[in-house]
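Here's a quick briefing to read with the model open beside you. Take a look at the structure first, then work through the points below.

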Amino acid sequence: MKVGILTGGGDCPGLNAVIRGVVRTVSNGGGEVVGLLRGWRGAIEGNTTPLTIQNTEEILWEGGTILGSSRTNPYKKPEDVQQLLATFEKLGLDALVAIGGDDTLGVANRLYHDHKLNTIGCPKTIDNDLSCTDVTFGFDTSLNIVTEAIDRLRTTAKSHQRIIVVETMGRHAGWIACESGMAGGADYILVPEVPADLKAMCDVLKQRRAAGKTYGIVVVSEGAVIAEQEGFVTQNARIDDFGHVSLGGLGQLVAEIIEKNTGIETRYVVLGHLQRGGSPSAYDRVLGTRLGVGAGRLVLQKKFGRMVALQGTDVVDVALADAVGKLKTLSPEFYQDSAEFFK
Ligand code: F6P
């Protein structure tokens, strides 16, 4: 059995653990694995690299992805889908493991349904916003990076009696912002799922200052929506192949609003791609490994059109079709738990 594997979309720590898990499991089952380079682009262009137990043994602790990634969408041009199918044929692939978020897995699902391609999905993203899985690998590492950043920013905020606004990634899901804000004891958290009340936020910050707290930390998710945003141009307005606008820049606006309304000196930090870089946490190494092994087993069992997922402590498989198209956003109840600390 010959199996292709690719990593698509924004990279995250833990991708290499999955690759290693798939390669080990498929190889143990007598199969052969080939890596397609730079996501769906590699599948279209036929760019590959052989993967073996030997050449994937030392990648477990490495960040990023040894296969490279891209946000290429083969469905943007009909000829690309045809090209991809031709590559599949030419390479003699019996199955394809696609490791990615909603966009990458959406393509895997369409190829399975439209062309009976034997695809299997594996959920990745620091945003933690994929349905049908309790957690996506990459999220834990990212959360720890942001929490550490908040801890560091707190000491300088304290020294200078400032408020520091920390802008996190997460796109339209507030998991990173909410959980890092909770872990870092933030004074206020803004997430996309809950309408922002900036007056309430400024009142809280002023009250705390009056009560003797000499500094403040506010965590803002890049996808939070605030009324004052209208007309504000964020960092850039790039649109990717899947139609997503590039977010970023809200932290600056929030910092300006805070300084104007509270009179307290305020700075902002955009953590950006730091949140996706570096070595995976132990949790993500284990989750990535288990999902990789799970995906490899699905290949050997010929259970296609499925995605491996974590439910409770078990690795299970779900229909790809059920996992894509609907994001798993932060629940209002989760946010309310964090909000107890900024009333
Ligand atoms: O989906 C992962 C993610 O890191 C988002 O949190 C963020 O909005 C986006 O990717 C950034 O994308 P890029 O790497 O293309 O700038």
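Which pocket does the ligand take up? The space taken by the ligand is the largest pocket. A pocket here is an open set of points on a 1 Å grid over the protein atoms alone, where a 1.4 Å probe fits, with protein on both sides within 12 Å along at least five of seven lines.

Before the details: this is a predicted model, where local features need pLDDT of at least 70, side-chain atom pairs count only at pLDDT 80 or more, and totals for chains, interfaces and linings use all residues. Residues are numbered from 1 along each chain as its sequence is written, and side-chain values use heavy atoms, with hydrogens and water left out.

**Around the ligand**
- R71, I126, D127, M169, G170, R171, E222, H273 and R276 surround the ligand, each with a heavy atom within 4 Å of it.
- That shell splits into five charged, two polar and two nonpolar residues, with Gly counted as polar.

**Atom by atom**
- R71 puts a polar side-chain atom 2.8 Å from a ligand oxygen atom.
- For D127, a polar side-chain atom lies 2.7 Å from an oxygen atom of the ligand.
- G170 uses a backbone N or O atom instead, 3.0 Å from a ligand oxygen atom.

**Two domains**
- The protein chain is divided into domain 1 (2–137 + 280–323) and domain 2 (141–277), with bounds from an automatic or database domain assignment.
- Their contact (heavy atoms within 4.5 Å) takes 17 residues from domain 1 and 15 residues from domain 2.
- Each domain gives at least three residues to the shell around the ligand.

Note on methods. Polar contact = N/O pair within 3.5 Å; in protein donor to acceptor, adjacent residues only side chain to side chain. 1 Å grid on protein atoms, 1.4 Å probe; cavity = no way out; pocket = protein on both sides within 12 Å on 5 of 7 lines; lining within 4 Å. Sits in = over half its atoms within 2 Å of the grid points.
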